[in-house]
Protein chains: 2
Amino acid sequence: MSDIAKVSGKNFTLAQLGDLENLDQYGERMKGKLFLKDILNLTGMEVSMNKLPAGKQIPFYHKHKNDEELYIFIKGQGQFQIDGETLDVREGTVIRVAPEGSRIWRNNSNEDLYFIVIQAAQNSLNAWTATDGIIEEKPITWPE
Amino acid sequence: MSDIAKVSGKNFTLAQLGDLENLDQYGERMKGKLFLKDILNLTGMEVSMNKLPAGKQIPFYHKHKNDEELYIFIKGQGQFQIDGETLDVREGTVIRVAPEGSRIWRNNSNEDLYFIVIQAAQNSLNAWTATDGIIEEKPITWPE
């Protein structure tokens, strides 16, 4: 794996992955798939950044034991299959898949397909945004 | 909010948001920010798809009670501030922020900034990918 530039502080870790078109330089288990959990020390989700070249497909169906998955397609087009049902995907398609859903996808187009996959434990979120977020009333300052 | 085309099955919900450049048609609480939890019935994460126009900034700092956040920048450039530290962000920058981190961001460039924000309960993920995923050994079939 190429070196990834990182910056950390008390409450954050930042990594620079570079242009998304270069994602295929990454991938220990699968070329073009970069997992973020270990890079960023995530504790509530695993996330992968993906570039699937034109004409390629995932070589197996899979499901999960306990984790919900969200697929966010950000560029290109392809097909996604769940429990035998085939759906077209493209930039702006988002899909929630329950743990027991049998899933596979392919890039049957002539351009690279870019997407992000997030997994989180099913039913683990009890508060969010308006209920978990705290707006701070202090002046905003930015460096010159 | 514009109508969003959806398809659902036993184990999934799919939504077509359209080209990311049209994200500014969405946003009940903030223009250009579309939350996915209620659209997809997510149970382990809240996710927003974001387009922040050139020159715009978020009008307040915020932190969280219990949720970890991940920011994934997918196009454009800007700045992110955490606990008073300012960091440049661009396509391919990913940042994990702990709940107590005081955060804000802005688009100080001349082009639109696109990013995805995911929140999940801190320390909620106990298994992932290799330990939560189940590879299925069955033949792969796609429609003609």
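Here are legends for a few close-up views of this predicted model.

**View 1**
Seven strands line up here as an open sheet, in the order 3(A)-4(A)-11(A)-6(A)-9(A)-2(B)-1(B), with antiparallel pairing. Strand 3 (33-35) of chain A and strand 1 (5-9) of chain B sit at the edges with a single partner strand each, so one side of each has no neighbour in the sheet. On average, neighbouring strands of this sheet are turned by 15 degrees against each other, direction ignored.

**View 1. Where the sheet crosses from chain A to chain B.**
Strand 9 (residues 93-97) of chain A runs antiparallel to strand 2 of chain B, and 5 bridges join them. Look for A:Val97, whose bridge partner in strand 2 of chain B is B:Phe12.

**View 2. The chain B end of the sheet.**
Strand 2 (residues 12-16) of chain B is also joined to strand 1 of chain B, again antiparallel, by 5 bridges. Here B:Val7 has B:Leu14 as its bridge partner.

**View 3. The contact between the chains.**
Together they bury about 7800 Å², with 58% of it on carbon and sulfur atoms. In chain B, the residues losing the most area to chain A are B:Asn11, B:Tyr61 and B:Trp142, together 10% of what that side buries.

**View 4. Salt bridges and polar contacts.**
The interface of chain B and chain A holds 4 salt bridges. A:Asp19 and B:Arg90 meet through their side chains in a salt bridge (2.5 Å, N to O). There are also 58 residue pairs in polar contact across the interface.

Conventions: Residues numbered from 1 in each chain as written. Chains lettered and ligands numbered in written order. Predicted model: local features only at pLDDT ≥ 70, side-chain atom pairs only at ≥ 80, totals over all residues. Heavy atoms only, no water. Pairing = 2+ DSSP bridges. Helix = DSSP H or I, 4+ residues; strand = E, 2+ residues; numbered from the N terminus. Axes fitted to C-alpha atoms, helices over the stretch in contact; angles between N-to-C directions. Buried area = accessible area lost by both parts, 1.4 Å probe. Polar contact = N/O pair within 3.5 Å; in protein donor to acceptor, adjacent residues only side chain to side chain.
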